[in-house]
Amino acid sequence: MQGEPRRTARVGLVMGSDSDWPVMKAAWDQLHALGIEAELAVASAHRTPERAMTWARTAAERGLRVIIAAAGGAAHLPGVMAAWTTLPVIGVPIAASLEGLDALLSIAQMPPGVPVAAVGINGARNAALLAAEILALSDPELAGRLHELRRRQADQVAEREQRLLQ
Ligand code: RP5
């Protein structure tokens, strides 16, 4: 875990390995671009099960409101998070093996009663945006920033279309 968690962190970003960081940095950067404080941790469902359990069990009392959990291979970490907290958990399948299909299925196929919201393989940025949308339900300023992001995105599509014709 990276130092003391920031007191204002609302999103917890946890990865099964530091090798997931090159993918997950996009989530971290997107959260910060939206002005959302986040907490970063490496905790494996298999290699550090107690650390993973404790991090999830204490997440809500630390002030977190959403968890983004990334893992590759037998990607059990998002499910373990969801088992220990009722905070919403967004799982990011990492393409560490089998082009990420194994991780996607591991994350998506949760038993009824313990949900995890799975984004696409290596879908780090979408995970951050989904976390932001959840927070924006009770944060009108953040909702405004998300609307602005969507507007800019739409403008970029139109600009690219124009370039096709030049
Ligand atoms: C998973 O196994 C991790 O989330 C990572 O995606 C994958 C490989 O981990 P390392 O062997 O690189 O630590 O648990």
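Analyst: The account below begins with the sheet and then turns to the ligand shell and the annotated positions. This is a predicted model, in which local features need pLDDT of at least 70, side-chain atom pairs count only at pLDDT 80 or more, and totals for chains, interfaces and linings use all residues. Residues are numbered from 1 along each chain as its sequence is written.

Five strands form an open sheet in the order 2-1-3-4-5, with parallel pairing. Its edge strands are strand 2 and strand 5 (117-118), each pairing on one side only. Strands here are DSSP runs of E with at least two residues, helices are runs of H or I with at least four, and both are numbered from the N terminus. Two strands count as paired if DSSP finds at least two bridges between them.

Strand 3 (residues 66-72) is joined to strand 1 by five parallel bridges, and to strand 4 (residues 89-94) by six parallel bridges. Isoleucine 67 in strand 3 stands opposite glycine 12, and valine 89 is its bridge partner in strand 4. Strand 1 also pairs with strand 2, in the parallel sense over five bridges; there, leucine 13 has leucine 40 as its bridge partner in strand 2.

Strand 3, helix 3 (residues 77-84) and strand 4 make a right-handed β-α-β unit; with the strands pointing away from the viewer, the path from the first strand over the helix to the second runs clockwise.

The residues surrounding the ligand include Asp20, Ala71, Gly72 and Ile94, where the criterion is a C-beta atom, placed from the backbone, within 6 Å of the ligand.

Aspartate 20 is found in the loop between strand 1 (11-15) and helix 1 (21-33). It is buried because 24 other C-beta atoms lie within 10 Å. Leaving aside residues up to four places away in sequence, aspartate 20 touches Met15, Ala70, Ala71, Gly72 and Ile94, contact meaning C-beta atoms, placed from the backbone, within 7 Å.

The unreviewed UniProt entry annotates Ser17, Asp20 and Arg47 as "binding site"; its positions follow the numbering used here, feature names are shortened, and annotations may be inferred rather than shown by experiment. Arginine 47, in the loop between strand 2 (38-42) and helix 2 (49-57), is exposed, with 11 other C-beta atoms within 10 Å.

Methods: A residue is buried if 20 or more other C-beta atoms lie within 10 Å of its own, exposed if 12 or fewer, and partly exposed in between; C-beta atoms are placed from the backbone. Two residues are in contact if their C-beta atoms, placed from the backbone, lie within 7 Å.
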